[in-house]
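Open the model in your viewer and keep the selection tool at hand. We will go from one selection to the next.

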There are 2 protein chains.
Amino acid sequence: MDKQTIIDISFMREALKEAEVASKLGEVPVGAVIVVDNSIIARGHNLRELTGDPTAHAEIVAIRKAAEVRKHWRLTDMTLYVTLEPCPMCAGAIVQARIDRLVFGAYDPKSGAAGSLMNILQDKRLNHQLEVTAGILADDCGKILKDFFKDRR
Amino acid sequence: MDKQTIIDISFMREALKEAEVASKLGEVPVGAVIVVDNSIIARGHNLRELTGDPTAHAEIVAIRKAAEVRKHWRLTDMTLYVTLEPCPMCAGAIVQARIDRLVFGAYDPKSGAAGSLMNILQDKRLNHQLEVTAGILADDCGKILKDFFKDRR
């Protein structure tokens, strides 16, 4: 396993911790962390139900926090880790924030916009493209979602 | 001109007023209003530079306000009016919020996701589709953007 993959797994475990927090709150368990220079600058988990905010997906929560820390909307040189493939809204937000690299866990065949249904992150017609690494801890990231929906039935 | 178009023009004028506020603040002039039962429930204009929030496009600002008013993320039966065709992030947010209908002014050939580059609002693979009306006051909505960028050069 190369060094970058070992680093990616380590940060994806942190994103999974955020997903676990969401799960305990009764939110669909998706978690994210944003990393710059190998340290976490922002964390987020899905908060749609508790906040009543349709944009409060894990990625957007983390992006807004990272922008607060940086005091600028342009998040160049940051890597976003998220347990589930981003939806079109979140993929679009990642492009808007000029994030450098996306690492995600499980694919989302129903609404994924980083390769499944479309790929907003690598569309040359848009004004920003980024590197995407998929499938880091995919089984763990998928399992927490499956368990959540199984328990709810 | 049919009755619905007259109503649409009237609300697009309100969205233009929001774009004018953005312009005066030095923000790219895009404005939005959200309407339910023919009255405005939320207004928003682009605030990306002033807030430093990459997600603070007019549509998202208005959607978050409408969700606060409704105290729920699901904005069924609402119509969003925006002066410029939504980008992928905003089109995705409109789908996430389950908005009923989108009316926009000018097309955005560079990043529009309501027909120009893609159509996220009417993608049958996603779990929500909506009615889209384009080109209401398109000239006025485009002119405020052109004037803004001309003045900045």
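How many residue pairs are in polar contact between chain A and chain B? The count is ten, with both residues of each pair at pLDDT 80 or more. That confidence value applies here because this is a predicted model.

**Stop 1: the side of chain A that touches chain B**

Colour the elements of chain A that give two or more residues to this side: helix H2 (48-51), helix H3 (58-70) and helix H4 (88-96). H4(A) gives the largest share, five residues. By class, this side of chain A divides into 14 nonpolar, seven polar and eight charged residues.

Now show both partners. Chain A brings 29 residues to the contact, and chain B brings 29 residues. The size of an interface is often given as the accessible area lost when the parts come together. Here the area buried between chain A and chain B is about 2500 Å². Carbon and sulfur atoms give 63% of that area.

**Stop 2: salt bridges across the interface**

Side chains of opposite charge can pair when their charged atoms come close. Two salt bridges are found across the interface of chain A and chain B. For one of them, select B:Arg64 and A:Asp53. Their N to O distance is 2.8 Å.

**Stop 3: A:Ser111**

Select A:Ser111, in the loop between strand S4 (101-106) and strand S5 (131-134) of chain A. Its side chain makes a polar contact with the side chain of A:Asp108, at 3.0 Å. Leave aside its neighbours within four places in sequence, and A:Ser111 is in contact with A:Pro86, A:Cys87, A:Pro88, A:Leu117 and, from the other chain, B:Leu126.

**Stop 4: salt bridges of chain B**

Over all chains, the structure holds 22 salt bridges. Start with B:Asp8 and B:Arg101, whose closest N and O atoms are 2.6 Å apart. This pair links distant parts of the chain. B:Asp8 sits in helix H1 (residues 3-24) of chain B and B:Arg101 in strand S4 (residues 101-106) of chain B, 93 residues apart. Are these two residues buried or exposed? Both B:Asp8 and B:Arg101 are buried.

Next, select B:Arg43 and B:Glu18, which form a salt bridge at 2.7 Å between the closest N and O atoms. B:Arg43 is in strand S2 (residues 39-45) of chain B and B:Glu18 is in helix H1 of chain B, so the pair ties together parts 25 residues apart in sequence. B:Arg43 is partly exposed, at 26% relative accessible area. B:Glu18 counts as buried, at 10%.

Beyond its neighbours within four places in sequence, B:Lys65 is in contact with B:Ala42 and B:Arg43. B:Lys65 is partly exposed, at 39% relative accessibility.

Then go to helix H5 (residues 138-152) of chain B, which holds both B:Asp147 and B:Lys150. They are three residues apart, about one turn of the helix. Their side chains meet in a salt bridge, at 3.8 Å from N to O. B:Asp147 is partly exposed, at 25%, whereas B:Lys150 is exposed, at 54%.

**Stop 5: a network in chain A**

Select A:Glu14, A:Lys17, A:Glu18 and A:Arg43 together. A network of salt bridges links them.

**Stop 6: aromatic pairs**

The structure holds six aromatic pairs over all chains. One of them is A:Phe104 with A:Tyr107, edge-to-face, with centres 5.1 Å apart and planes at 90 degrees. A:Phe104 is buried, at 0% relative accessibility.

Methods. Residues are numbered from 1 along each chain as its sequence is written. Chains are lettered from A and ligands numbered from 1 in the order in which they are written. This is a predicted model: local features need pLDDT of at least 70, side-chain atom pairs count only at pLDDT 80 or more; totals for chains, interfaces and linings use all residues. Side-chain values use heavy atoms; hydrogens and water are left out. Contact means heavy atoms within 4.5 Å. Buried area is the accessible area (1.4 Å probe) that two parts lose on being put together, summed over both. A salt bridge is a side-chain nitrogen of Lys or Arg within 4 Å of a carboxyl oxygen of Asp or Glu. A polar contact is a pair of N or O atoms within 3.5 Å; within protein, one must be able to donate a hydrogen and the other to accept it, and residues adjacent in sequence count only if both atoms are side-chain atoms. Helices (H or I, at least four residues) and strands (E, at least two) are DSSP runs, numbered from the N terminus. Ala, Val, Leu, Ile, Met, Phe, Trp, Tyr, Cys and Pro count as nonpolar, Asp, Glu, Lys and Arg as charged, and the others, Gly among them, as polar. Rings of Phe, Tyr and Trp (its six-membered ring) pair if their centres lie within 6.5 Å; planes under 30 degrees apart count as stacked, over 60 as edge-to-face and the rest as tilted. Buried means under 20% relative accessible area, exposed over 50%, partly exposed in between (1.4 Å probe, protein chains only).
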